Protein chains: 2
Amino acid sequence: MPTCLTAAGCKSRRSRLLASLDHGVDAVIVHSPRNLTYLAGYYPSPFLFRSQNAGAMLILGRDGASRLIADNLVETFADRSFVDCVDTPTWYNGTESAPMRGDVLTRATLDALRKEEFGILGIDSAVPAGVVDAIREVRPEVRVVDVGPTIHRLMRSKEPDEIAAISRCCEVAEAGFAAAITGIKPGMTEMQAYELINNACMEAAGEPVILYGDFASGKRTESGGGGPTARVIQRDDLFILDCSVVIAGYRSDFANTFVIDGGFSSARLREMESACLAAIAAGEGALRPAVLGREVYGAVNREFHARGLDSLFPHHAGHGIGLGHPDPPYLVRDSDDALVVGDVVTLEPGLYERGVGGMRFERNYVITGDGYLTLSHHRLGLSPAR
Amino acid sequence: MPTCLTAAGCKSRRSRLLASLDHGVDAVIVHSPRNLTYLAGYYPSPFLFRSQNAGAMLILGRDGASRLIADNLVETFADRSFVDCVDTPTWYNGTESAPMRGDVLTRATLDALRKEEFGILGIDSAVPAGVVDAIREVRPEVRVVDVGPTIHRLMRSKEPDEIAAISRCCEVAEAGFAAAITGIKPGMTEMQAYELINNACMEAAGEPVILYGDFASGKRTESGGGGPTARVIQRDDLFILDCSVVIAGYRSDFANTFVIDGGFSSARLREMESACLAAIAAGEGALRPAVLGREVYGAVNREFHARGLDSLFPHHAGHGIGLGHPDPPYLVRDSDDALVVGDVVTLEPGLYERGVGGMRFERNYVITGDGYLTLSHHRLGLSPAR
């Protein structure tokens, strides 16, 4: 599975991590899947048996040296990662019974660490207790510090290769939206709508991708969404399409609401649509460095309040995305998160009224020095041009 | 996502675990996704944003009491698990910025453990070092033991609800095979073949599922398979379909090889097909408790050897499946794994010849007291009846 990440990007992120750590930290072990992608560009495709339940470890030295350890079944993915050195110990050789998979990783990690000199060891929040206890057996004097929060904080400000990775997800998801506009017809189930969007995304990506989110029609829109069901889509139904495409760990997350078959929509729905689009524009007007999450939320909600619709807006105005969902910054009523350059965020105003219908519109943005760039390019509105 | 697991099954597995542990173990913490499914029936769907990067903890008392901890975003899945007690601490409330997700889980785990009395704590191999270190801060005298190997060993012998879960995956995958037989045509790409099989599986499951495996045509079959590509399928191509459907953590894993458009196949291909089908029958003849993996491999390979084809058979004869892939027992040349009642295994003889083509045929079985039952029911052979 090709990644948009680059060797330079991964190296830059490792350097930023090492520069952010206390000077006493001599080595760092990273185990969480998202951190392995972030710092090494390592992402085993979930669409092969080789990657099922596979783990990996990344060891960073204070001098910047990077070593990825992953077993022989995921060697292809390890070889495509961006590190100085790759170890692929044999877990299963096809002629003998295989031991527990995690044990192979632990042993190889201990072997690699034997070569390192360290008094203070940084670990991320996923490193198993068994690994740390085994290290302590050999080096009882080692002090262990959690570098997970530092990595979590660094992840906010995306680098160019990460923006490229998220933009790629947006492009693939846009192919899904285009297929939804021309393909969803009355009489189809929500599951069939999911399938046609999924197919279009996979065609655009050239490989299987993970597609998740809300694929909800009719009455179901009134409570905001949910995954696809066997519900048969009716003419004049609203359809909330709010979905994420995951490629190599990164993801998009944008939405539109359609009137199925481009048909009738009531004055009330038009009023709600108009309020949502004004809200998204108001939110966009607030997107720039140093603005607080609460201020972005306030800008969005002010449009609803002005129209007496704010009681129909029950959720966040948006949030960060990247290797997680939802990630910081949180664009909510009481958020003190201040936007920074490189934040990738969504804005997703929505209104939901019993007996009328629900709708949500959402775009993805990256925060720049003087404002933002829009990463998603689908058209917003109940009646999309075909 | 509905599971076939039952409250009785989960309770039985927890009882078996506690009975297998040293009598000194007072409490157990479980964190690995597969162990959480196994012991609690907990499986967060990957097709919702709520589950992205979510973790959970299961705490078992020596008295059999079970408590699952998972944050508020995955409450739906936690509530559907089969435990005595569910804690769903708030991670993200939609009005304030959210802390690091794992910290919420760690804190709730420590809170729950405060109520427990224990001197010896069992943990699985995924419990993070941070959790164990935090426990040691409060109880420096605690002794920690790894119960991961015990769980791994218990997993071999599947209980009836687990067999039902795997059978369900087989049924869904069979719908995919049926769609492949009628739907794959010359001129389609392998990706389009993947899409039609994927759609059929999702229709049969009534929800999005993970479908992974080999979807390889023409020349690509000679090296055994691989994920779907943009390669255009030709008339008379071989097509190896070797795929797994994952539902609620469990999976099937079976295969067939088709001649596309049901057309021509050479005498050499017919010879190879006949050898493979004889090999699978010979392997089936060896499936019963106490038989060693090497003996099953031997039965399979003997058929190839007798025909002078064994040099074209480069891989295992089969392996266990369930919550992982490949799992023990390993049906390979030097395997000492002895079959036990409740093992779910595959047999997958295959032959691959440069310039001719490659093929693989595979079924899934559960080992019974006097032999086996076949869990997969697709037809094997190059020219399937349409």
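The legends below describe close-up views of a predicted model.

**View 1. Helices H1 and H2 of chain A cross at about 110 degrees.** Helix H1 covers residues 7–20 of chain A and helix H2 covers residues 33–40, and their axes lie 6 Å apart. Angles from 65 to 115 degrees count as roughly perpendicular, and H1(A) and H2(A) are therefore roughly perpendicular to each other. H1(A) contributes Cys10(A), Arg13(A), Arg14(A) and Leu17(A) to the contact, while H2(A) contributes Tyr38(A), Leu39(A) and Ala40(A). Five of the residues in this contact are nonpolar and two are charged, with no polar ones.

**View 2. An open sheet of six strands in chain A has mixed pairing.** The strand order is E4-E3-E2-E1-E5-E6. E4 (85–87) and E6 of chain A are the edge strands with a single partner each, so one side of each has no neighbour in the sheet. On average, neighbouring strands are turned by 20 degrees against each other, direction ignored. Within the sheet, E1 (residues 27–30) and E5 (residues 120–123) of chain A form a parallel pair over three bridges. Ile29(A) has Ile123(A) in E5(A) as its bridge partner. Helix H4 (residues 101–114) of chain A lies across E1, E2, E3 and E4 of chain A and runs at about 155 degrees to E3(A).

**View 3. Strands E2 and E3 of chain B pair in the antiparallel sense.** Strand E2 (residues 56–61) and strand E3 (residues 66–70) of chain B are joined over five bridges. Ala56(B) has Ala70(B) in E3(B) as its bridge partner. E2 and E3 belong to an open sheet of chain B with the order E4-E3-E2-E1-E5-E6 and mixed pairing. The edges of this sheet are E4 (85–87) and E6 (143–146) of chain B, each pairing on one side only.

**View 4. Helix H9 of chain A has buried residues that pack against a helix and several strands.** H9(A) consists of 20 residues, 267–286, and spans 29 Å from its first C-alpha to its last, close to the expected 28 Å. Its buried residues include Leu269(A), Met272(A), Glu273(A), Cys276(A) and Ile280(A). They pack against helix H10 (293–306) and strands E11 (318–320), E13 (344–347), E14 (350–353), E15 (357–360) and E16 (363–368) of chain A. On E13(A), Val344(A) and Thr346(A) point one way and Val345(A) and Leu347(A) the other, and all are buried. E13(A) pairs with E16(A) in the antiparallel sense over four bridges. Val366(A) in E16(A) is the bridge partner of Val344(A).

**View 5. Strands E14 and E15 of chain B form a hairpin.** E14 (residues 350–353) of chain B and E15(B) pair in the antiparallel sense over four bridges. Leu351(B) stands opposite Met359(B) in E15(B). Three residues lie between the two strands, and Gly355(B) in the turn has a positive phi of about 80 degrees. E15 (residues 357–360) of chain B is covered on both faces: Gly357(B) and Met359(B) are buried on one side, and Gly358(B) and Arg360(B) are buried on the other.

**View 6. Chains A and B each give 58 residues to their contact.** On the side of chain A, the elements giving two or more residues include helix H5 (129–138), helix H6 (148–154) and strand E7 (210–217). H8(A) provides the largest share, six residues. The residues on this side of chain A comprise 27 nonpolar, 21 polar and ten charged.

Key: Residues numbered from 1 in each chain as written. Chains lettered and ligands numbered in written order. Predicted model: local features only at pLDDT ≥ 70, side-chain atom pairs only at ≥ 80, totals over all residues. Axes fitted to C-alpha atoms, helices over the stretch in contact; angles between N-to-C directions. Parallel < 35°, antiparallel > 145°, perpendicular 65-115°, else oblique. Contact = placed C-beta atoms within 7 Å. Nonpolar A, V, L, I, M, F, W, Y, C, P; charged D, E, K, R; others polar. Expected span 1.5 Å × (residues − 1). Buried ≥ 20, exposed ≤ 12 C-beta atoms within 10 Å, placed from the backbone. Pairing = 2+ DSSP bridges.
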